[in-house]
Amino acid sequence: MAASKITSRSTIISLLIGAVFVVLLGARINSLENYTFARVVQDFLNALTLGSLYALIALGYTMVYGIIRLINFAHGEIFMLGSYFAFYAMTLTPLPWAISLLVTIILGGTVLLVLRSLFNLEEPKRTFALSLIIFGGTFFLLTFRKLGWVEGLTLSMLATGVAGVLLEAIAYKPLRGAPRESMLITAIAASFFLQNFGQLVFGARVRGFNAQTILNKPLNFHIGPETVYFTGILVVVPLITALLLWVLNLFVSRTRLGKAMRATAQDAEVAQMMGVNVNQVIALTFFIGSILAAAAGVMYAIRFGQIHPLMGLMPGIKAFTAAVIGGIGSLPGAVLGGLLLGFIEIYVVSLFPTLSAYKDVFAFVLLILILLFRPSGLVGEDLTEKV
Amino acid sequence: MPLLELRNIYKAFGGLQAISNVSLTVNEGEIVSVIGPNGAGKSTLFNLITGVYKPDRGDIIFQGERINGLTPDQVTKKGIARTFQNLRLFTHLSVLDNILIPQHHRLKSSWLAAVLRTPRYVREEEEMKKIALEKLSFFGPRLMSFRLHQPVYVLSYANRRRTEMARAMATGAKLLLLDEPSAGMNPKETKEITQIIRRFRDEGGYTIVLVEHKMNLVGEISDRVVVLDYGVKIAEGDYKDVVNDPQVIEAYLGRREE
Amino acid sequence: MRDYLLTLLSVGLAALALYFLTVSEGTSGLLSALTLIFIWGIAAISLNLINGQLGILSLGHHGFMLIGGYVTALLMLPARERRPFRTRLLSDWARNHLDLDKWLRGLGLDALANSIDAKFIIALFIAGLAAALLGIIVGAPSLRLKGDYLAIVTFGFGEIIRLLPNAPEVAAFTNGPLGIKGIPGNAGNIWWTFLALLLVLWFFSRLKFSSYGRAFEGIREDEIAAEAMGVNLAYHKILAFTISAFFAGVSGGLYASYLQSVDTQTFNFFVTFFLLVAISLGGLGSITGALLGTAIVVLVRVYGGFLEQPNPAWVGYLSGAVLMLAAFAFSAYIRKARRLRPVIEPKHFIFGAVGAVLLVITIAFFKQPWMQQTVQFFGMRKMLLAVILILIMIYRREGVMGRAEFSWKLIIGPREDIPTDEQRKQDAWLSNPDLNPGLKEDGDDDASA
């Protein structure tokens, strides 16, 4: 009872602080002369897009932390991998059939193996059907024509999901039960490895990500005398995010595996005793987290038009901040935190242009403040250790 | 003046009233046992006295001074030391280091003096070693030769318990709070520890409060027994009187259905 | 006394060896490697105080080093380098007033101001103090937070400190992204860093084997117990952070002086990562280990250059194939040795398959021009370090040394923790009723301690 009292009190305090901010923001908007309605709309669209992307990445952090209490430092690099996979899928296709066959065998085989172990598809009939779909689909996609963004996104999500599972299997799985600090160090090492691996394999230079689609076609419109710079991606990102969230929510709340996941997040040991295959659930968590990160990576690349091996760093940190703001371990919290952070970033830069040099500093300051004064986040549960 | 006095202590965790209206006096040179069924609030009581938790209401007075609200290290400096129910030794450090650390708070030299090894620091260090050996000698010579330099994790369970008691004494405390000092010991060792606890008082001049489940140990050494049940003190007094108290029997065994 | 003499003797020998290195020709590569080992060794030993002895994972060490580097750079910057066109973003105030030379002359200490070495010592000291001040701030969250959350907070502080010098307002003191160039290169002389390392070794070993060092290790072993035993957690944590930051600042100053320039990229997060690899490799908590780990890691960095030489592309494909196949074989070997079934896990086929495909590609397209063109494998050394760290965390978390320190007793003896025959006999007599009839009545039976 006392605990809930305290929570409600701090909620009120948070709300009060929020209200003060809103008032200050309003005053600032009033005092800015050239802040027209068009800019309000523009900023809102930008913030919604950025916030959605942060939310997608933050979900990966929050799910992994919820299940194995690991701050997956390498999640930003998974995001980077996602955008590169899509880049190659969209620029190198159509492949000569021999290479396509080779890639199909490796990629399809890997995907098949991972999917089979993730979703209990041991039955021969199902396996056969699945392999037919995967091998046939991959080969078909890669061989005949240049891929569009939808196919690129889908392929990249699958491949990145598998990469996430492999990362877990290679680097984190042997450390099950190790001190959390050791796991964090491993995650940092994995992050460094992937960054440099990216620089080695993909090249260190910045590459243009020119998805020649309607997504990047300017669809500017006017509000009064002002122009709102509008492209399809500004709508597509929130829509795809909403779609993925809906599917994720269905999965977690309705399916058996989703329930197993929630049980593992509550108490892995007990879940194991109740017959949940914890290893499978953890791998699945990495799979889903990486899929979402890949989606974010591809859309981030389309939105900002360029990719490079270190691109995962700052979005990764900001998404982690978002996850912490929302209360790490909480799925709605991550989405909320991501959106909040997106709005804060866009509006601070827009309203206080002189502060834009401190954009990245703010993310860290916010992270430190939240961890120090409200480590359970805005909606999260209390994580303090027992004596 | 009593050494330790608890006045109407209350403590709740969320909706659970762990301790309610407990008062207790401990006089100098006494051995007081706190008993009670599991979850009665015995360990919580220790945590309240040592400053791990703060009481919601009530006062804790040690040597005429209010000590509630102090942090655990401040309480220890005042002269109350404890052992833990499930050993909390510095596992990777040697036995000697384990018994030197509790004396650290009495060190007067600054860290710079310690690095420079000023004469005063060297003298203090010698003094600390002497006290450490003196406390270990309560348990005979078994911990004093080569085991002194072995890490704690190679010791037997009984030896770890002994090390922990020596560690609590080394803080320079007057009052020792022993949380199940005989847990995990065989009957022979329990018998020995009973004698040693008595020697703590007779030779070391310590006042002792202990939480214990082994009733023969409690009966043998306690001057006074306090019984807790659901955070309430239900009986206090001589061992024989307390164990025959119908309320106590009910707490342990339940009410007999008529 | 014997140990003392032996230590003196070995330091003397090391100095002598160093002297011959400096006079002999063709060893400049080795000398600069040694200089780097000494500088990074100081940083690693100071990080080890927090991460190893205090048991708090701190990831903000590059921030402390950066402060030290910038402070040293600003204070030491000679007048000819202070002209506006050299330090475009620096404010006039910083340019004219943050000058150790002026301060000393203002105090009438011309003798000190005339000696660049004396100035360097003073500048390093001030750099250390500035970093130590920051250490208090960064250490403060350790009073509220624990574990991975605290690690992230220290990381955040480190990154903030790294990002700030580029911001326009702060650039007035740091010259922004341009950095500061033309710092006197005192630390290029190996004796500087050698003596500094000796001093640091002396300081930290004395600290470790003092009452304060024991208190730190008590906090590492069990915070709750340490507090219950009267150790003031707040004071000792902040103290450790402050001391550690001080020496990190000094090493940052030495490094800036060694490079003769400093900018924000000099001290990025990789620095902390590098030190983390070093102390994990050597053994968290061991000063000897920290130095040993640094030596290995620096040697990998300095002499691992061949990994990043330009090579035909097929070399890359081939080595990728070999590595993958080796990982495949290794995992099979381990599982076989541990009698796990199946010997080859389905997932491990992925390694084998990728390796085999790479091999096939290498052979099939060997003649193709894109296979023969030269490429440079950037980042191999960093990847190697990352792999080393992951392997340590998985297979040997205690590193090479564990928590043990080098000591003469360990090598020559006598070992106090190993019983002599006499002690063993006495111990048996104490606990064995067959040998000691007096025990029969009220003995104890903890013969196996």
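**Group meeting: three chains, one predicted model**

Okay, let's start with helix α15 of chain C, residues 287–303. At 1.5 Å a residue, its 17 residues should span 24 Å, and the end C-alpha atoms are 24 Å apart, so the two agree. The expected span here is 1.5 Å times one less than the number of residues. Helices are DSSP runs of H or I with at least four residues, strands are E runs of at least two, and both are numbered from the N terminus.

Quick housekeeping. This is a predicted model, where local features need pLDDT of at least 70 and side-chain atom pairs count only at pLDDT 80 or more, while totals for chains, interfaces and linings use all residues. Residues are numbered from 1 along each chain as its sequence is written, and chains are lettered from A and ligands numbered from 1 in the order in which they are written.

Back to α15(C). Its buried residues include Ile287(C), Leu291(C), Leu292(C) and Val298(C). Buried means 20 or more other C-beta atoms within 10 Å of the residue's own, exposed means 12 or fewer, and partly exposed is in between, with C-beta atoms placed from the backbone. And what do they pack against? That would be α2 (28–54), α10 (190–208), α14 and α19 of chain C.

Now, where chain C touches chain A: 41 residues come from chain C and 40 residues from chain A. Contact means C-beta atoms, placed from the backbone, within 7 Å. On the chain C side, α8(C) gives the largest share, 11 residues.

Over to chain A and its helix α8, residues 233–254. Buried there are Ile233(A), Leu234(A), Val236(A), Val237(A), Thr241(A) and Leu244(A). They cover an arc of only 160° around the axis, which puts them on the same side of α8(A); that arc is taken from the directions from the helix axis to the C-beta atoms. They pack against α2 (37–68) and α11 (278–304) of chain A. The face turned away carries exposed residues, among them Leu239(A), Trp246(A) and Arg254(A).

Last, chain B. Four strands make an open antiparallel sheet, in the order β2-β1-β4-β5. Strands pair if DSSP finds at least two bridges between them. β2 (16–26) and β5 (65–66) of chain B are at the edges with a single partner strand each, so one side of each has no neighbour in the sheet. β4(B), residues 57–62, pairs with β5(B) over 2 bridges, and Phe62(B) stands opposite Glu65(B).

Terms used: Contact = placed C-beta atoms within 7 Å.
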